[in-house]
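Please look at the sequence and structure below before reading on.

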Amino acid sequence: HSLNVRLHKSLSETFSYEEEDLSSVLHDINPERIEVHPKPLGNNPRSQILAGVLDADKNVAIKVARPADDKQQIAQLHNEGAILRKLENSHKSIIEFYGFCNKDQLLFVMEYKKHGNLKNAFQQGKLDQMEELDLVSICKQVADVAKYLKKKKVLHRDISVSNCLLDSLDPPLVKVTNLSRAVQVDDDYYHAEEDERAYIPY
């Protein structure tokens, strides 16, 4: 039996790529243009975020697969880059993607936000002094991203406080990041097998 619900496709289906599909997302940035700092900005079970500098003067964040040779995690980076490229950095509240670089391993290069994510900002008390309207504004910005992605037929599937970066504290501006689990959708629903883990689509 199967369960017909508005959920995600299987990972094997979502992250299956042919070599020719990947060729367009590799080697965007010459390795000589990137300096990578070893100190991590953040970690999760699937990837690590490092600080770096692009073209000697632009601070960037660099996502790498963990472990570096994990094919599924590398495929997720390819997936995220391909979707962000299709979006063409066309929404002010979605993280800006600069490109890929092969420097010992695949580097996913994106804009850097010094205030970190909303989860850490909340734990560090950075949001304590904000007015209620400021907090409502943050929620509205994130909702606007979800609405925009729906219009573009993209399902993020992992919008959370950990994946919303603070671009500015005054006024409060956020950037939604981490589209590694995102999928391009053509239908109004997904078909998931009973034994698949279900994710709420947003």
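A salt bridge is a side-chain nitrogen of Lys or Arg within 4 Å of a carboxyl oxygen of Asp or Glu. The structure holds five salt bridges. This is a predicted model, in which local features need pLDDT of at least 70 and side-chain atom pairs count only at pLDDT 80 or more, while totals for chains, interfaces and linings use all residues. Residues are numbered from 1 along each chain as its sequence is written, and side-chain values use heavy atoms, with hydrogens and water left out.

**Glu-80 and its partners**

- Glu-80 and Lys-63 form a salt bridge through their side chains, at 2.8 Å from N to O.
- The pair links distant parts of the chain, with Glu-80 in helix H3 (residues 71-87) and Lys-63 in strand E4 (residues 58-65), 17 residues apart; helices (H or I, at least four residues) and strands (E, at least two) are DSSP runs, numbered from the N terminus.
- Glu-80 counts as buried because its relative accessibility is 0%; buried means under 20% relative accessible area, exposed over 50% and partly exposed in between (1.4 Å probe, protein chains only).
- Lys-63 has a relative accessibility of 3%, so Lys-63 is buried.
- The side chain of Glu-80 also reaches the backbone nitrogen of Leu-179, at 2.9 Å.

- Which strand holds Glu-111? Glu-111 is placed in strand E6 (residues 105-111).
- With a relative accessible area of 7%, Glu-111 is buried.
- Another salt bridge pairs the side chains of Glu-111 and Lys-175, at 3.1 Å from N to O.
- Because Glu-111 lies in strand E6 and Lys-175 in strand E9 (residues 172-176), this pair ties together parts that are 64 residues apart in sequence.
- Lys-175 counts as buried because its relative accessibility is 10%.
- Salt bridges with shared partners join Glu-111, Lys-113, Asp-167 and Lys-175 into one network.
- The side chains of Glu-111 and Lys-175 are also joined by a polar contact of 3.1 Å; a polar contact is a pair of N or O atoms within 3.5 Å, where within protein one must be able to donate a hydrogen and the other to accept it, and residues adjacent in sequence count only if both atoms are side-chain atoms.
- The side chain of Glu-111 reaches the backbone nitrogen of Glu-96 at 2.7 Å.

**Positive surface patch**

- Lys-92, Lys-140, Lys-147, Lys-151 and Lys-152 form a positive surface patch.
- Patches are made of residues with over 30% relative accessible area and no salt bridge, with like charges joined within 9 Å and nonpolar side chains (Val, Leu, Ile, Met, Phe, Trp, Tyr) within 5 Å.
- Lys and Arg count as positive and Asp and Glu as negative, while His and the chain ends are not counted.
- Within the patch, Lys-151 lies in helix H5 (residues 132-151).
- Lys-151 has a relative accessibility of 70%, so Lys-151 counts as exposed.

**Lys-58**

- Lys-58 is located in strand E4.
- Is Lys-58 buried or partly exposed? With a relative accessible area of 37%, Lys-58 is partly exposed.
- Lys-58 and Ile-34 are 24 residues apart in sequence, and their C-alpha atoms are 9.7 Å apart in space.

Note on methods:
Accessible areas come from the Shrake-Rupley method with a 1.4 Å probe; for residues, only the protein chains shown count as cover. The place of a charge is taken as NZ of Lys, CZ of Arg, CG of Asp or CD of Glu.
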